[in-house]
Amino acid sequence: VLLDRNFIDSSCADALESLIETNHHIVILCLCYNAIGDLGAQALARALPANRTLSKIGLRGNNIGPNGASALAGALGRDLADQNSTLTRLSLCRNPIGEAGATALAEMLKHNQSLSTLRLNGCGIGPDGAVTLARALQENTVLESLGLRDNGIRHSAAMTLARCVAQSTSLRSLDLSNNLLGDAGTLDFVQTLTKEAVAALPLWELSLGYNGVGNRGRRRWRICAGG
């Protein structure tokens, strides 16, 4: 079901809840660039545990804040008996969930056994929120793709992020592009990731573009990578 850009707002929360709770045919629900807000996200969260068919939800650009993100995290991170177990892809890009929302989603990742893709591009989670999410990867064995593009992630978080990613057994794709790592942060991330990996990394796609890396940083990165 594609409902992008349809002026759907929080007044439709009850209808959304009923749709997800009772419909057993919808596999994909795209609500991008509407305005469901926290109330709409909370309605979806209430319905998710009863749904056994939905595999992908797109909520990009819906003005969902920390409360809405926390509600969705709760629905996906409950005890296995009450947890939605079919959702594999969730996009919350361009929603102001902030560090608090990222923290709730990180806690969810410690328990969830189905989500393989999580997109949080442009969510204002900052360096601390990114580190909290990365630490959760050490307890998660199913997440394969994590999008953290454009989140104000700075050099201060680079080494901790890399250490946590190096310990992941499932992550195959990580997008850290358009952040604020700079020359030093980007190099620290690559060097630490290489050094800390205890086995062959499953990670095969790493995006670090648009991080303020200059010519000097690029030369040092090539040397680090053996290029």
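**Close-up views of a predicted model**

**View 1. Buried residues of helix 5.** In this predicted model, the buried residues of helix 5 are Gly126, Gly129, Ala130, Val131, Leu133, Ala134, Ala136 and Leu137. Their cover includes helix 4 (98-109), strand 5 (145-147) and helix 6 (158-166). An α-helix has 3.6 residues a turn, so residues three or four places apart point the same way.

**View 2. Length of helix 5.** Helix 5 runs over residues 126-137 and holds 12 residues.

**View 3. Helix 1 beside helix 2.** Helix 1 covers residues 13-22, and helix 2 covers residues 37-47. Their axes come within 8 Å and cross at roughly 25 degrees. Angles under 35 degrees count as roughly parallel, so helix 1 is roughly parallel to helix 2. The crossing is right-handed.

**View 4. Residues in the helix 1 and helix 2 contact.** Helix 1 contributes Ala13, Leu16, Glu17, Ile20 and Glu21. From helix 2 come Leu39, Gly40, Ala43, Leu44, Arg46 and Ala47. By class, the contact has 7 nonpolar, 1 polar and 3 charged residues.

**View 5. Ala200 in its loop.** Ala200 sits in the loop between helix 7 (182-196) and strand 7 (205-207). Its relative accessibility is 76%, so Ala200 counts as exposed; the cut-off for exposed is over 50%. Ala200 and Thr169 are 31 residues apart along the chain. Their C-alpha atoms are separated by 9.3 Å.

Note on methods: Residues are numbered from 1 along each chain as its sequence is written. This is a predicted model: local features need pLDDT of at least 70, side-chain atom pairs count only at pLDDT 80 or more; totals for chains, interfaces and linings use all residues. Side-chain values use heavy atoms; hydrogens and water are left out. Axes are lines fitted to C-alpha atoms, for helices over the stretch in contact, and angles run from 0 to 180 degrees between N-to-C directions. Helices (H or I, at least four residues) and strands (E, at least two) are DSSP runs, numbered from the N terminus. Angles under 35 degrees count as roughly parallel, over 145 as roughly antiparallel, 65 to 115 as roughly perpendicular and the rest as oblique. A crossing is left-handed if the near helix is turned anticlockwise from the far one by less than a right angle, and right-handed if clockwise. Contact means heavy atoms within 4.5 Å. Ala, Val, Leu, Ile, Met, Phe, Trp, Tyr, Cys and Pro count as nonpolar, Asp, Glu, Lys and Arg as charged, and the others, Gly among them, as polar. Buried means under 20% relative accessible area, exposed over 50%, partly exposed in between (1.4 Å probe, protein chains only). The expected span of a helix is 1.5 Å times one less than its number of residues.
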